[in-house]
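Subject: Structure handover

Hello,

Please find the structure below, followed by notes on what was found in it. Let me know if anything needs to be set out in another way.

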Amino acid sequence: MFESNVGNVTWMHRPEPDYSRLVWEEANRFRVHTSAYTDPTVFAAEMKHIFQKTWVYVGHESQIPESGNFITSYIGNQPVIVVRDEERQIHVLVNRCVHRGAVVCREGGGRASEFNCPYHGWVYGLDGKLLAVSERKDAGGYDDAFDAPEGLFKVPRVERYRGLIFASFNPAVQPLVPYLGRAKQFIDRKLNFSPEGEIVLSSKPFVVRYPGNWKFQAENIVDGYHFMHTHKGFVQLQMKYGDSTGDFGVHKGGTPKAMRALRFRGAAWRCENGHGLIEKPLGEVDSLFEGEFGDYQRALHDTYGEEEFSFMAGKLSGSIFPNLGLIHNQIRVWRPIAHNMTEVAVYPYELKGAPDAFNEGMLRSQERFYGPAGHGAADDVDIFIRNQQGLEASAVDWLILERGLSTDAPDAGSRDLRGGSTSEAPQRAIWSEWKRLMSAGADQKPSSCPSSTGAHDATQEGHH
């Protein structure tokens, strides 16, 4: 225990446990301790060591196209406002009045010329600066010696890539593009399917909450292993009806055997900084140049070449650490609320410049699989709930993430590892970065692992 002084207050601090010991990693072993999903203390440490230290996705430029446009978002469990000011600069402001702490803005988005706190009427500009203190000198107000704050806390780092807005509380965080690494190429391939290289979030999101840990969603969006089992009902539907119910060619296969063959193609990636990717290039592309959208897709083929077009037109899914997913024509964002509660927002996007009928068809496909009446989201959420329920069986310490571990191969020129399409390489990417960030500044004493959920057993397995 040690002391630190903040203002005139002395706080007593206990050394933090070394949470990195909850990931057991050896040459032929990769396991995660149950308490990494179930312990509220671990969750609180994640908000500090992960969501306050690295880049977090907070919104898309198409949501705030003009000066005065804003959306509300979160960095971990901290509410923020993402706003474009009069000079069209984008700011990310902590959504908390500096007076008495009220949330300044509750709306999901809109347009404003200023932000007014509803509690006592303090006024802030679009850049967060404090513009006015209501009744400043009236009836026992503030005298000339009052040390007025500058305004809403401004998140120190904000950067964008291809319209995606990221923010970080860490002033020393590395620049965004190097942080993305291989995920940059992945994003390029997704967005380059637009003739103009841009996407637009024009539809309202489909939002769901589930009573489970946020990392289930981060892992699952790049899990090539589960589809034929978790979505068995959808596989049978696809076999019987094909595209006739609005699938629009997204889930191909016809029979379970054919679908399995398609899903076992391609590669899964364990990337630096926690990003997990699955890439399944299309292979044969000539059939895309026929029919209603042939000219549109041939133009993309001619622009990027056959190999690159094959990736662009294939199946790409990514988990951008810690809170962003891209799959099909959607942006997916997960927000940790508690160790056992997560909110997921699915934003279908349009490809700017693509035929209207193509964007419409992709939206119908989204509704069929991911929407409130769809099959995929309901299946996945049910599994997340089952996971959280199962992990209450704390007598079993470790989860196994070793599929493909012995066959994942290093990529020349990077530290990324390439595995088969159903390898758990993407999940190991997430947990490797989790381990790195959660060990920062941790107490290294063996007795320091949290014991309330059996996590002290991590030191007894001899993996450190």
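Glu-25 is partly exposed, at 28% relative accessibility. Here buried stands for under 20% relative accessible area, exposed for over 50%, and partly exposed for what lies in between (1.4 Å probe, protein chains only). This is a predicted model, in which local features need pLDDT of at least 70 and side-chain atom pairs count only at pLDDT 80 or more, while totals for chains, interfaces and linings use all residues. Residues are numbered from 1 along each chain as its sequence is written, and side-chain values use heavy atoms, with hydrogens and water left out.

Salt bridges

Glu-25 forms a salt bridge with Lys-435, with 3.9 Å between the closest N and O atoms. The pair ties together parts that are 410 residues apart in sequence, because Glu-25 lies in strand β3 (residues 23–26) and Lys-435 in helix α13 (residues 425–438). The term salt bridge is used for a side-chain nitrogen of Lys or Arg within 4 Å of a carboxyl oxygen of Asp or Glu; by this rule there are 24 salt bridges. Helices (H or I, at least four residues) and strands (E, at least two) are DSSP runs, numbered from the N terminus.

Helix α13 also holds Glu-433 and Arg-436, which are three residues apart, about one helical turn. Their side chains meet in a salt bridge at 2.8 Å, N to O. Glu-433 is buried, with a relative accessible area of 6%, whereas Arg-436 is partly exposed at 49%. Elsewhere, salt bridges that share partners join Glu-25, Arg-270 and Lys-435 into one network.

In helix α11 (residues 356–369), Glu-360 and Arg-364 are four residues apart, about one turn of the helix. They form a salt bridge in which the closest N and O atoms are 2.0 Å apart. Both ends are partly exposed: Arg-364 has a relative accessible area of 31%, and Glu-360 has 41%. An α-helix has 3.6 residues a turn, so residues three or four places apart point the same way.

Arg-84

Arg-84 lies in strand β7 (residues 78–84) and is buried, at 4% relative accessibility. A polar atom of the Arg-84 side chain lies 2.6 Å from the backbone oxygen of Ile-64. The side chain of Arg-84 also reaches the backbone oxygen of Arg-88, at 3.1 Å. Leaving aside residues up to four places away in sequence, Arg-84 is in contact (heavy atoms within 4.5 Å) with residues including Glu-61, Glu-66, Asn-69, Leu-126 and Arg-160.

Gly-59

Gly-59 sits in strand β5 (residues 56–60) and counts as buried, at 3% relative accessibility. Residues up to four places away in sequence aside, Gly-59 touches Ile-71, Gly-163, Leu-164 and Ile-165. From Gly-59 to His-229 the separation is 170 residues in sequence and 33 Å in space, C-alpha to C-alpha.

Helix α7

Which residues are buried in helix α7 (residues 232–241)? They are Phe-234, Val-235, Leu-237 and Gln-238. After α7 comes Gly-242, with a positive phi near 60 degrees.

Regards

Methods
Polar contact = N/O pair within 3.5 Å; in protein donor to acceptor, adjacent residues only side chain to side chain.
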